[in-house]
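The sequence and structure are shown first.

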Amino acid sequence: MAARVDRVFAGLSTGGPRHVLCRAASIDTQFRIPRRASVLSVVALVGALLSACTGPQSALDPAGPAAAEIARGWWLMVSAFTAVWALVLVLLWRALARRDADARLRRPDRLILWGGVAFPTVVLAALLVYGSLTSARVTGVGVEPDAVVDVTARQWQWHFRYRDADGQVIGESVDELAVPLGAMVEYRITSEDVIHSFWIPRLGGKMDAIPGRVNTLRLRADVRTPMRGQCAEFCGLEHARMLFPVRVMDVDALPGWLAEQPAPRADEPPSAQAPAGRAPPRHRASENVL
Ligand SMILES: [Cu+2]
């Protein structure tokens, strides 16, 4: 670097400012990254980013219809964003490359009207309509559930109570969720203390768990694959560890799995003997749940 600077300043004594600029330009070309290396770097970066789209907690690796809808919307919006961004860059490049720097637009009002008003209105309205139409499919509104699970969140624990089609309780589990393969399950979500958020990224979107209120979310798992749920609302010091493995299994296997579950402790839901904020971290799951 010091050598480069010396060579540039040396130009001052030999050919004046113009010569200095030429020398500087020629020096820069010597250090330019080869085009092939640039392309390979971009390909490697994109590959690394795309390889991160899978995993037990990836919303871009859907295992059910609601998550697939969310992933499709995400890719659509990323594509639209990228296209608009590329268009702006092309227009900017063309403007900078114009030889006549003093040229004026003949009809600047047209550019503002079409580029500043009409184009954003059409793009944003299209995305809004798409998002509104898909919201029903994301939450499962209008779909008859095959089973019901009462979800109770607390610091820092998930409690699941399973009901059959008649509403009878058939079992419970703590910090571990069993999901019947191919069945639409209605989750009735609430909290005993602070606001939590029930989220299984590979099955669908988030739903807040709010004290004194029951929120409903319907999800279906179509793939028998390891996945993980996670609290998605900061709820205290143990929030990051408030996660649970999701076991997708045949419908017939569910009663046997529930029979193997240890009975919930006396202070676990639905009782509220452990005051909010003072309950010790009792999650049976840990970061290494799969
Ligand atoms: Cu939380």
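Two strands count as paired if DSSP finds at least two bridges between them. Helices (H or I, at least four residues) and strands (E, at least two) are DSSP runs, numbered from the N terminus. The model is predicted: local features need pLDDT of at least 70, side-chain atom pairs count only at pLDDT 80 or more, and totals for chains, interfaces and linings use all residues. Residue numbers start from 1 along each chain as its sequence is written.

**The five-stranded sheet**

An open sheet of five strands has mixed pairing and the order S3-S2-S1-S5-S8. Its edge strands are S3 and S8 (215-220), each of which pairs on one side only. From one strand to the next the twist averages 25°; axes here are lines fitted to C-alpha atoms, for helices over the stretch in contact, and angles run from 0 to 180 degrees between N-to-C directions.

S1 and S2 form a hairpin with two residues between them. In S2, Trp158 lies opposite Ala153. The hairpin of S2 and S3 has five residues between the strands, and Gly167 there has a positive phi near 90°.

**The three-stranded sheet**

A further open sheet, of three strands, is ordered S4-S10-S9 and also has mixed pairing. S4 (177-180) and S9 (227-230) are at the edges with a single partner strand each, so one side of each has no neighbour in the sheet. The twist in this sheet averages 35° from one strand to the next. Pro180 stands opposite Met249 in S10.

| Strand pair | Bridges | Direction |
|---|---|---|
| S1 (residues 147-154) and S2 (residues 157-163) | Seven bridges | antiparallel |
| S2 and S3 (residues 169-174) | Five bridges | antiparallel |
| S4 and S10 (residues 243-249) | Four bridges | parallel |

**Helix H4**

H4 (residues 108-139) has 32 residues and spans 45 Å from its first C-alpha to its last, close to the expected 46 Å. The expected span is 1.5 Å times one less than the number of residues. A kink of about 30° lies at Ala118, shortly before Pro120; the bend at a residue is the angle between axes fitted to the seven residues ending there and the seven starting there.

H4 is hardly covered, with one buried residue among its 32. A residue is buried if 20 or more other C-beta atoms lie within 10 Å of its own, exposed if 12 or fewer, and partly exposed in between, with C-beta atoms placed from the backbone. Gly140 follows H4 and has a positive phi, near 80°.
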